[in-house]
Amino acid sequence: MKPSLALLSALLAFSPAGSALETVTITAERIDNDSDIHSISVIDDIERQQPMHIYELLTSSPGSWISKGNGQEHLTAIRSPVLTGAGGCGPFLMSEDNVSLRAPGFCNVNQLFDANFEQAGRIEVLRGPGSAFHGSNAMHGVINIISPAFSAQPRTRIAAEYENTHDYGRLLLDHRSEDVIVQAHVTDDNGYKKSSGFDQQKLRYKHRQQVNDWTIVHNLNLSNLRQQTAGYVQGTNAWRDDDLRDVNTDPDAYRNASSLRYQADIRLAPSDDQLFVVTPYLRSNRMEFLMHFQPGTPLEENGHDSLGVQTAYYRPFTGNTTLVTGFDFDYSYGFLEQYQKTAVSPLFPAGEHYNFTVAASTAAMFLQSRTAWHDSLDMTLGLRYEYARYRYNNKLAANNPCANSPACRYEAPADDALNFYNWSPKFAINWRWLEHQQLFVNLAQAYRAPQTGELFRLENGQDIADIDSEKIRSAELGFSGLLGSAASYQISLYTMKKNNVIIKDSNRHTIDGQKTRHRGIEASLSTDIGQHLNISGVFSYAKHQYASDAQLLFSSAADIKNNIIDTAPRHMHKLLITLMPQDSTDIVLETVYMGSYYLDPENRYSYPGHTLFNLKYHQQLPQQWDLGIAVHNLQDKHYADRADVAPFSNTERYFIGEPRSIRIRIGKTF
């Protein structure tokens, strides 16, 4: 007897290859569950999409937007605006095989580049608050990158990719057998903009072994990134200027990052209807980058090392109720240093600006039950309680340049120890009111403890950040089902209110107590037209608003309540027309629509949005060869990947989108 995912009730992910409302295997409860009721979009055509950047994949999840920066950099939006700053990654839980990519309190807005999404088996995007299995950060959504399954028949695949505008190349190796997976790829990207580009390498090793009644799956992931970083281009409607497309305003900027993650998925089934899962893990991250978005040339180095474990025990409770209980623990030791060689002004002196360590311990207990009242109605209840403790140590020397200078912007608080207590209840009902038609209701509360950067990286004389955890409450109503034998649909309506939102105010102080509102509707549709044509798409309309007044950093007004939050498009849609003239061939015309959005809290500046067309062709060739060709930005349209307003100058700035490009992939399976 397997626990269902009724708690995660919402939309079934669309699949461009077919329209049946199928049962999908997902892992949001740390084990594979066969369920047709969940709030997870499953993206499983990764190889055919030939992604250079993870933002290309997340357009397949309604209400989701990975906003592309330069190289592998990005910002995230899931049922939210694009969030930035020290806590911009806090409302999202990013994981690989259910273990977070970064430790609680140490997230990074670019952390998805650590994961081997290019060779994943699938990507699961949970929209809205997570389940009782998820802890801090699972507020607006969860992105879980799932490694491939083992193969009963040994197979080895090699592939090569090339893209013309970047002079970009990638080599991939993928070997799978019954108990071993080895995946690796190396990427060399010269960059479209001047003095940009990156080199990146990733390795995954996965090994399964049987020890008496225990099954153990070892999973090791390594990544290394060396990137030259291009900055924003500034100016009114600069994205329209063809001469600015390849301009790099920060030719000296760079980012170097490396990561190591190891986990062991250990399982024991005492009986047919019981399962015990324990997952110990190790995690290590290092990053160094030039903070080109700050005055001067400050250099930041940061990292953390972690030791943790996740557990879950699945068992029947009564005749119609199943129960899951578990305990999670994470201990992480992190550091951050910021320094500058040459003074810009008394505000930005030469020398060390920050140098601190944080020892963070997080412990949680959770319980989730599912009761089947009868064949057409079931209910899920969940509860998680989590405790986090941060021990902060300021290591700046007494004679550091900011110690006795009130003009210096940077402020290092005294040593401290902070505790945070949070709990998240969940309630869901799923009603199969007609054959192939379902209705669900999902109520949830989620949270995130403050990030260490919000607590201990202070400015302008603030000697303590007296802030507490953010919380979000969500209500969701959804429908899914079949329309005849050839079409499926999913519709979800949600409303969320976030309390105690943490911001930087106009004094550059970190404060909490703010509020935001988030409402929207998401839909997906897939239909077959005959045997050789499929039309599918995902659609979302959302309204994200400030629900309190605050003078935000770089904002000139305090009365922003009810304003639309900046970088929060109301419309995001994707439509695919897939032609399959024969089993070995498919041709996809992809349309991606990004609606207009404001660039500032006052709603004075805006970006009009854009529509892009991509064309993709995949062909199976004789002797296990295959060929993929993709043309992106088919119309060679001018657009912006990302837009906002520059600090201080109130000038529009953009990451300008790239011109039409052609990608080719050729591979062979042995």
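Two exercises with worked solutions follow, both on a predicted model.

**Exercise 1.** Identify the members of the largest nonpolar core that touch the most other members, and trace which elements contribute to this core.

*Solution.* Start with the core itself, which has 23 residues, and among these F356, V358, Y390, Y410, F420, L455 and F456 touch the most other members. Next, assign the core to secondary structure: the elements giving two or more residues are β20 (351-374), β21 (377-394), β23 (416-434) and α3 (452-456), and the largest share, 4 residues, is that of β20. Then take F456 and set aside its neighbours within four places in sequence, which leaves contacts with Y354, F356, V358, Y390, Y392, E411, P413 and L418.

**Exercise 2.** Find the disulfides of the structure, and decide for their cysteines whether they are buried or exposed.

*Solution.* The search has to return 2 disulfides. A pair of cysteine sulfur atoms counts as a disulfide when they lie within 2.5 Å, a condition that C89 and C107 meet with their sulfur atoms 1.9 Å apart. The link of C89 and C107 is right-handed, with 75° about the S-S bond, and it connects distant parts of the chain, since C89 lies in the loop between β5 (74-78) and β6 (92-96) while C107, 18 residues apart from it, lies in the loop between β7 (99-100) and β8 (122-127). The other pair is C402 and C408, with an S to S distance of 1.8 Å. As for accessibility, C89 and C107 are buried, and C402 and C408 are both buried too. Counting bonded cysteines along the chain then gives the pattern 1-2, 3-4.

Conventions:
Residues numbered from 1 in each chain as written. Predicted model: local features only at pLDDT ≥ 70, side-chain atom pairs only at ≥ 80, totals over all residues. Heavy atoms only, no water. Core = buried A, V, L, I, M, F, W, Y, C linked by side-chain atoms within 4.5 Å. Buried < 20%, exposed > 50% of the residue type's maximum accessible area, 1.4 Å probe, protein only. Contact = heavy atoms within 4.5 Å.
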